[in-house]
Amino acid sequence: MATPPQIPNPPEFSEELRKSCQESGDFLPMLFEWYKFVAVICNFFARLRPDSPALRKLEPIHYSVCSGLLNRCSRLMLSNVALSHKGKFGETTAIIDRSIFESCVKLSWLCQNADPNFFERYLADGLKSELELKSEIEKAIEVREGQVLVIEARMLASIQRHIESSTLSEAQIRAAKKLPDLAAMLETLGRSRLMYVVGQKIGSHHVHGTWPSLKQHYLELTPEGHWAPRDHDCSTHRNQYIYISLAVLDALRSFIDYCIEEPREVDDFIGLFDSIEEEIMKIMKAGDGNDFDPAPAT
């Protein structure tokens, strides 16, 4: 698989490893390496300089949002690599996956719409809570007849720095339309409801600690039929390496299509992402066995 200059080379696997995975039906070692590669590729594109001649002339804050979301995805993926490489912390990587998925969807939504108002809504969405905190601090100061505590002064200064860095005024933040939820974003992107249910709703089990999450990662059934705390032995499921890699590749396509000006370069990069996805899908299908055959009648 050819790659453009300076982009890291994709993983290579020995025939011995390929044969071992084929015989065991366990392709996790190969999926793990592809997952790492997608994280590195994501980091590469997050670090494109805003003054690069390949980029469109974008509002600096808009490009910062895009590159920041990509960098977030990359760093969280690499955190999962560090956590999961010894077959533990599956309960934690599932929580992190939910955050990566949401960042991917938001990035794709922003890039596809390419509307300054959408970026303003994204920025304001995170800052409304800052303004609420500011209001609560100011109320407490008013109760004390103007006396400001050291911690309050520090918090107010931090809030002001957040606001100023966004390039928005407090009035703009308050007036900005609410950001749509992920279901609406995915619908706008033309994605299926299934993608929302799997990536967001099922993924939220691990964030909120619902019964399915407890049963999967934190409890096990004893021989006596009682639920007891599970030991620290949860591995990351193979599907996590697959669907997060695919979600990040999808976000990268949106980023490139929005940020890169030269059509030929856009095609080259998207071709790279497509070829990576193709390799991951080959491994997925090799490990699925008969999963996608019709189920026998019951």
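Predicted model: local features only at pLDDT ≥ 70, side-chain atom pairs only at ≥ 80, totals over all residues.
Residues are numbered from 1 along each chain as its sequence is written. Local features need pLDDT of at least 70, side-chain atom pairs count only at pLDDT 80 or more, totals for chains, interfaces and linings use all residues, and side-chain values rest on heavy atoms, with hydrogens and water left out.

Val-248 also turns up in the largest nonpolar core, a set of 78 residues, where it is one of those touching the most other members, along with Phe-45, Ile-100, Leu-252, Phe-255, Phe-273 and Ile-276. Such a core is a set of buried Ala, Val, Leu, Ile, Met, Phe, Trp, Tyr and Cys residues joined through side-chain atoms within 4.5 Å, with buried meaning under 20% relative accessible area (1.4 Å probe, protein chains only). Helices that each supply at least two residues of this core include α3 (60-84) and α11 (238-259); helices are DSSP runs (H or I, at least four residues), numbered from the N terminus.

How do α3 and α11 sit against each other? Their axes, lines fitted to C-alpha atoms over the stretch in contact, come within 11 Å and cross at roughly 160°, where angles run from 0 to 180 degrees between N-to-C directions. That makes α3 roughly antiparallel to α11, a label for angles over 145 degrees. Among the residues making the contact are Cys-73 and Met-77 of α3 and Val-248 and Leu-252 of α11.

Key
Buried < 20%, exposed > 50% of the residue type's maximum accessible area, 1.4 Å probe, protein only. Parallel < 35°, antiparallel > 145°, perpendicular 65-115°, else oblique. Contact = heavy atoms within 4.5 Å.
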